[in-house]
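Subject: Structure handover

Hello,

Here is the structure to look through. Please open it first; my notes follow below.

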Amino acid sequence: MPIQNPNPNKKKKKHSNQDDDEDDTVQGKQQTQFEFCKVCRLNHNQGRRHIYFPNHKKALSSFLYRFQSKFKNDVAFYLKKPMPLRPEHAALNRLWCVFCDFDILEYDSSFACGNAIAHLASAEHLKGLKSFLWKYGGGMDRMDSFRISESDFTKWEKKCKLLKSEAAGGGSHGSLIGPLNDIHNESKSEYVNSFDKNKLDCLTSDVKCSNSVVPLQDHTIERSQISHSKICTVGPQILHAGTGVGLGARTPNGLPGFFGNQHYTHSVPKEGPAYSCPNDGKVYPYEGIAIGDGHSQGTSSEESRLQTQENGGGNVHSGAPPPWFSAAEKIQLDNKLNQGLGDLVSSLGEQMKTSKLNPKRVGAAWAERRKIELELEKRGELVRHDFGADWLPNFGRVWQSGSRKDSRKEFLGENKTWRKVDSQIEKPSQLQPYISKRMRTENTAE
Amino acid sequence: MNYLLTTLTKKQEVDSMIRDTIDKVLVLCFGRASDSIFLQLDEILYKSVREVSKFATVALVDIDSDDVQVYVKYFDITLIPSTVFFFNAHHMKMDCGSADHTKWVGTFLRKQDFLDVVEAIYRGAMKGKLIVTCPLPPDRIPKFHLLYEDV
């Protein structure tokens with residue numbers, strides 16, 4: 001039994017071998033082989049036309065936007081601030097390069113997103129990027145937003161080397177214990193760094209750290225976080241109540257300040273403001289409390305600190321950027337992408353007007369041209385040229401039988417004949433007396 | 001005479017009027033000021049100009065001026081007053097039941113009739129039709145005989 005061809009084009013090809021080449025070379029009408037568009041996830045036989053279709057353009061913009069957001073959030077961040085990658089987080093730190101169709105793993109890299117950065121800066125990636133943009137029509141001017149330039153890469157490498165040398169020199173987590181007092185100087189930046197490492201988990205799992213949507217690292221952390229938040233909000237009351245709100249887990253370290261000033265040993269003068277909550281009734285950021293506890297609990301408390309810092313540290317009082325700032329970046333990105341596409345697809349303000357008026361209306365093309373002309377004249381670019389005394393509008397005459405152009409030609413033709421007739425009539429206007437032939441001949445003989 | 005609308009006397013004025021009216025119906029009325037029917041038409045037009053101003057422009061053309069004779073011949077204007085409709089420099093025809101679809105001959109019995117006619121033209125033009133049917137019932141359409149028929 002012969003297998004039926006699902007593709008009717010192939011049937012045509014079978015019939016006439018001579019037409020094979022013609023089919024492929026004829027542009028526009030005859031479609032070519034089916035190909036898969038990675039962006040729209042669609043098999044199509046439109047050939048190169050496909051990339052100009054609006055559906056494809058939409059799909060492309062969202063496709064690139066998704067990659068760009070991952071790129072910006074993860075990779076670009078670590079490009080600016082390289083930090084060591086811990087093995088347990090390596091599994092989460094993967095990146096799929098959509099241009100090269102290649103999964104970048106971080107198992108053997110010492111720095112966060114190290115392999116990804118190396119790949120994005122490489123020449124192969126550039127090649128892949130170019131071919132992708134050519135194939136799917138992304139706009140070659142946006143290439144730089146999808147790759148890392150060599151200068152950035154070298155800067156990153158230098159920073160990594162510095163970090164390595166620092167890490168080799170001083171301890172990494174040991175320093176946490178030391179300058180507990182100085183919340184506001186550079187040691188804090190170390191905390192911030194280690195917190196941001198844990199931020200990895202949040203980001204790679206596409207979850208922004210917030211009170212409600214934190215992935216469970218450890219039961220105690222959650223409880224501690226809740227206890228922290230509760231404590232801070234219920235600050236003034238605790239003193240009076242004297243009961244721990246979920247403080248059970250914390251009693252070994254305690255939240256000393258709240259039960260009076262006896263346990264000030266590892267609390268520090270700078271934590272004073274935190275303990276003035278009850279007096280002022282202010283809800284101070286629980287930085288002090290967090291730091292007071294952190295050193296004893298190790299990583300789990302770091303993470304709790306991270307979360308609390310994210311919420312509490314990101315505060316108007318501490319001068320942190322507002323939480324919607326990251327959202328604003330996304331909005332900016334969105335706008336940029338949309339703008340890019342908008343420029344590709346249509347022209348400027350005229351788009352608004354033409355979309356309202358029916359493009360099929362009478363004289364639409366003429367109207368558009370005329371509008372452009374008038375605009376140019378307004379701007380002074382186009383010198384107004386009169387259309388000439390002989391311009392006639394498009395008119396369908398009463399007794400015409402052909403098209404309107406014909407009627408115009410007919411009229412112009414008629415006009416000419418009238419003019420000729422008029423001019424001919426004017427000639428014989430001079431009257432002369434009659435001179436007979438004899439008189440004339442006599443005159444000439446003389 | 002005072003309340004005549006913008007009267008055009010030169011071909012160039014008519015040309016610029018036709019070319020500069022974009023996406024609006026242009027109503028060109030040919031006639032002479034001494035004609036009473038033309039004056040009545042002008043009265044009605046004057047009252048309605050403002051109301052149709054968003055989608056139509058109205059102008060009068062003096063038939064007696066020499067410059068405009070080209071247009072008089074081109075549009076085959078023989079009866080006064082005659083009104084020709086344009087949209088984006090394209091001539092709009094209207095079927096009123098008479099033999100001549102290219103123009104409207106005579107005046108309008110009421111202001112509302114004029115508004116209906118202009119609206120019909122505008123709607124047709126927006127849809128891309130070069131000829132529209134008259135929305136008025138036949139008794140409201142002034143009757144006339146085509147001159148020089150079969151000549």
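Contact here means heavy atoms within 4.5 Å. The model is predicted: local features need pLDDT of at least 70, side-chain atom pairs count only at pLDDT 80 or more, and totals for chains, interfaces and linings use all residues. Residues are numbered from 1 along each chain as its sequence is written, chains are lettered from A and ligands numbered from 1 in the order in which they are written, and side-chain values use heavy atoms, with hydrogens and water left out.

Chain A

Chain A has 19 helices and four strands. Helices (H or I, at least four residues) and strands (E, at least two) are DSSP runs, numbered from the N terminus. Of its 446 residues, 35% are buried. Buried means under 20% relative accessible area, exposed means over 50%, and partly exposed is in between (1.4 Å probe, protein chains only). Chain A exposes about 28,500 Å², and carbon and sulfur atoms supply 55% of that area. Accessible areas come from the Shrake-Rupley method with a 1.4 Å probe; for residues, only the protein chains shown count as cover. Take the contacts in chain A with a separation of 6 or more: residues 24 or more positions apart account for 56% of them.

Start with Leu126(A). This residue sits in helix H6 (residues 123–136) of chain A. Leu126(A) counts as partly exposed because its relative accessibility is 22%. Leaving out residues up to four places away in sequence, Leu126(A) touches Met143(A) and Arg147(A). Asp144(A) is 18 residues from Leu126(A) in sequence, and the two are 9.4 Å apart in space, C-alpha to C-alpha.

Next is helix H5 (residues 114–121) of chain A. Six of its eight residues are buried, so H5 is largely enclosed by the rest of the structure. Those buried residues are Gly114(A), Ala116(A), Ile117(A), His119(A), Leu120(A) and Ala121(A). Their cover includes helix H3 (54–80), strand S3 (95–97), strand S4 (102–104), H6 and helix H7 (150–169) of chain A.

Chain B

Chain B has four helices and seven strands. Along the sequence they follow the pattern β-α-β-α-β-α-β-β-β-α-β. Of the 151 residues of chain B, 50% count as buried. The chain exposes about 7,000 Å², with 52% of it supplied by carbon and sulfur atoms. Among contacts in chain B with a separation of 6 or more, 75% come from residues 24 or more positions apart.

Some backbone details are worth a look. Most residues other than glycine have a negative phi, and most peptide bonds are trans. The peptide bond from Ile80(B) to Pro81(B) is cis, with omega near -5°. Pro81(B) lies in the loop between helix H3 (69–74) and strand S4 (82–87) of chain B.

The loop between S4 and strand S5 (90–95) of chain B holds Asn88(B). Asn88(B) is not a glycine, yet its phi is positive, near 55°. Asn88(B) counts as buried because its relative accessibility is 0%. Ala89(B) lies in the loop between S4 and S5 of chain B. Its phi is positive too, about 65°, although Ala89(B) is not a glycine. With a relative accessible area of 6%, Ala89(B) is buried.

Thr107(B) is in the loop between strand S6 (104–105) and helix H4 (111–127) of chain B. Is Thr107(B) buried or exposed? Thr107(B) counts as buried, at 9% relative accessibility. Beyond its neighbours within four places in sequence, Thr107(B) is in contact with Ile37(B), Gln40(B), Leu41(B), Ile44(B), Pro81(B) and Pro142(B).

Where the chains meet

The contact takes 34 residues from chain A and 35 residues from chain B. Together the two chains bury about 3,000 Å², 63% of it on carbon and sulfur atoms. Buried area is the accessible area (1.4 Å probe) that two parts lose on being put together, summed over both.

How many salt bridges cross the interface of chain A and chain B? The rule finds three. A salt bridge is a side-chain nitrogen of Lys or Arg within 4 Å of a carboxyl oxygen of Asp or Glu. Arg361(A) and Asp23(B) meet in a salt bridge through their side chains (2.8 Å, N to O). On the side of chain A that touches chain B, helix H17 (364–379) and helix H18 (404–426) of chain A each supply at least two residues.

Best wishes
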